[in-house]
Amino acid sequence: MRHQLVELLRCQNCSGVLHAEAADGLLECGTCGRQVSVVDGIPRFAQLADDEATNRTRESFGYEWTHFNDWRDSGSTNFTDYFAGVDLGSLRDAVVLDAGCGMGRHARQIAPYAGQVIAIDFSAAIEQAARNTADCPNVSCVQADLLGLPIAGNTVDFAYSLGVLHHLEKTEAALAGLVGKLKPGGRLRVYLYWKKHGWSGQLLRAVTAARRVTTRVPFPVLRAACWLLSLCLWVGVVLPYRVLSSLGITRHERWPLFVYTKYPFTVLYNDQFDRFSAPIEKRYDQDEVVTMLRRAGLEHVTVRPCFGWIADGRKPA
């Protein structure tokens, strides 16, 4: 566990400074005495929740990123989509927070540009994130809940949370917590699911109806079903899209699933499991995203479409 990380960690009970007890593999709060275990170099702040949905969410993403664990499948294409417009050169000496890191693909990809990266996830996926970033000396992994971030306030230069907040019951509370960790002038980027209307919206409503069942199915069974579904979508939708694109036709580029023409089959498969497994899924219109970020205390809010919404904001200086 890196000394630079310990300097930024705080007690979840009282926000006191934590001290490393090397002999015991613990972090101890100098104010209230609370102890936090450190296992395999990862501080473990996460605890079981009182509600079933939160625990299912934790288990779902732990299972997902343990089985879909190769960051190279999405590769530079995914990184380019999510981080387009970010001034990566400005991050050279910056503290960067990956809020909901999953298997650690984005933490790994942004590490060459950043001073220090803190990758946080509340599920067992943090183990895979640690493995995927093991050769990145400036990345530290922490197991913690976004609703109780054990990071000192006003210390983060750039934070991002991609595909995470819409799976939380208390989305706005988690968003406010992230803003609280930013330095004055610090920036936040989030990715959120969009609402669709017309026939695309009808398809999404059908998916929502199916999720009432699929979110209760055992993970191995659901994974097998998602493989079969993904195979049908790949052959019946994605490959025909590619043919249309090769013929110079562009009309289909706004149709559902077009994004997967850029990726291998495994990314489509992964996303179908993600879609049908997590018990909470929220969707937003563009103006709702703007309102939510402003309500969290951000200024200069911008929202752009990217198979969902990419939203940016700045904490007032």
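**Helix packing and a pocket**

Modeller: Helix α7, which covers residues 198-214, packs with α9 at an angle of about 75 degrees, and their axes are 8 Å apart. Please keep in mind throughout that this is a predicted model.

Colleague: How are α7 and α9 oriented to each other, then?

Modeller: Angles of 65 to 115 degrees count as roughly perpendicular, and α7 and α9 are therefore roughly perpendicular to each other.

Colleague: Which residues make that contact?

Modeller: From α7 there are Val-207, Ala-210, Arg-211 and Thr-214, and from α9 there are Arg-275, Phe-276 and Ser-277. Sorted by class, the contact of α7 with α9 has 3 nonpolar, 2 polar and 2 charged residues.

Colleague: And what about α8 and α9, at what angle do they pack?

Modeller: Helix α8 (residues 219-246) and helix α9 (residues 265-277) pack at about 130 degrees, with 8 Å between their axes. α8 and α9 are therefore oblique to each other, and their crossing is right-handed.

Colleague: Okay, now α2 and α8: how far apart are their axes?

Modeller: The axes of α2, which spans residues 52-67, and α8 are 11 Å apart, and the two helices pack at an angle of about 55 degrees. That makes α2 and α8 oblique to each other, with a right-handed crossing.

Colleague: Who touches whom between α2 and α8?

Modeller: Arg-56, Glu-59, Ser-60, Tyr-63 and His-67 of α2 make the contact with Phe-219, Pro-220 and Arg-223 of α8. The class count for the contact of α2 with α8 is 3 nonpolar, 2 polar and 3 charged residues.

Colleague: Changing topic, what volume does the second largest pocket have?

Modeller: The volume of the second largest pocket is about 270 Å³.

Colleague: And how many residues line the second largest pocket, and which lie nearest its centre?

Modeller: It is lined by 18 residues, with Ala-49, Asp-51, Thr-54, Asp-145 and Leu-147 lying nearest the centre. The lining of the second largest pocket divides into 8 nonpolar, 5 polar and 5 charged residues.

Conventions: Residues numbered from 1 in each chain as written. Predicted model: local features only at pLDDT ≥ 70, side-chain atom pairs only at ≥ 80, totals over all residues. Heavy atoms only, no water. 1 Å grid on protein atoms, 1.4 Å probe; cavity = no way out; pocket = protein on both sides within 12 Å on 5 of 7 lines; lining within 4 Å. Points joined across faces, edges and corners; volume = space filled by probe spheres on them. Nonpolar A, V, L, I, M, F, W, Y, C, P; charged D, E, K, R; others polar. Axes fitted to C-alpha atoms, helices over the stretch in contact; angles between N-to-C directions. Helix = DSSP H or I, 4+ residues; strand = E, 2+ residues; numbered from the N terminus. Parallel < 35°, antiparallel > 145°, perpendicular 65-115°, else oblique. Left-handed = near helix turned anticlockwise from the far one by under 90°. Contact = heavy atoms within 4.5 Å.
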